[in-house]
Amino acid sequence: MREDYLKQAQKVIQDPNILINVVSKRVKQLKFGAKPTVESLEKLEPEDVALLEIIKGHITYELASAPTNNVSMGE
C-alpha cells in the first residue's frame with residue numbers, strides 16, 4: 001500500500017476504522033471484477049486503487065443509523 005495515498009485518503013476519511021472498512025469493501029469489489037474508476041500509468045494494487053478512488057472523490061460512504069427501540073412496555 002502506498003504511504004502517500006494512505007496519507008491523502010486519511011484527509012478525506014479521518015476515522016481510521018471507517019477508512020479501513022471502505023477500502024476493504026472496495027478491494028473486494030475490485031477483486032470480483034468491478035472496474036476501477038481511476039486510471040493510472042503504473043500498475044496499482046487493488047488497495048492503492050481504492051485509496052486513489054477515495055482521494056479523487058469517486059467513493060463515498062454513509063454511516064448506518066442505529067435502530068430505534070420503539071418497543072412499548074405492557075401497561
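The structure is a predicted model, in which local features need pLDDT of at least 70 and side-chain atom pairs count only at pLDDT 80 or more, while totals for chains, interfaces and linings use all residues. Residues are numbered from 1 along each chain as its sequence is written, and side-chain values use heavy atoms, with hydrogens and water left out.

The structure contains 4 salt bridges, a salt bridge being a side-chain nitrogen of Lys or Arg within 4 Å of a carboxyl oxygen of Asp or Glu. R2 takes part in a salt bridge with D4, with an N to O distance of 2.8 Å. D4 is likewise partly exposed, its relative accessible area being 35%. A salt bridge also joins R2 to E42, with the closest N and O atoms 2.9 Å apart. Because R2 belongs to the segment before α1 (3-12) and E42 to the loop between α2 (16-31) and α3 (46-55), this pair ties together parts that are 40 residues apart in sequence. The helices are DSSP runs (H or I, at least four residues), numbered from the N terminus. E42 is partly exposed, with a relative accessible area of 42%.

In contrast, the whole structure holds 0 aromatic pairs, for which the centres of Phe, Tyr or Trp rings (the six-membered ring of Trp) would have to lie within 6.5 Å.

A further salt bridge connects E53 and R26, with the closest N and O atoms 2.6 Å apart. E53 lies in helix α3 and R26 in helix α2, so the pair ties together parts that are 27 residues apart in sequence. Both E53 and R26 are buried, the relative accessible area of R26 being 10%. When residues up to four places away in sequence are not counted, R26 touches A34, K35, P36, T37, A50, E53 and I59, contact meaning heavy atoms within 4.5 Å.

Conventions. Buried < 20%, exposed > 50% of the residue type's maximum accessible area, 1.4 Å probe, protein only. Helix = DSSP H or I, 4+ residues; strand = E, 2+ residues; numbered from the N terminus. Phe/Tyr/Trp six-rings, centres within 6.5 Å; stacked < 30°, edge-to-face > 60°.
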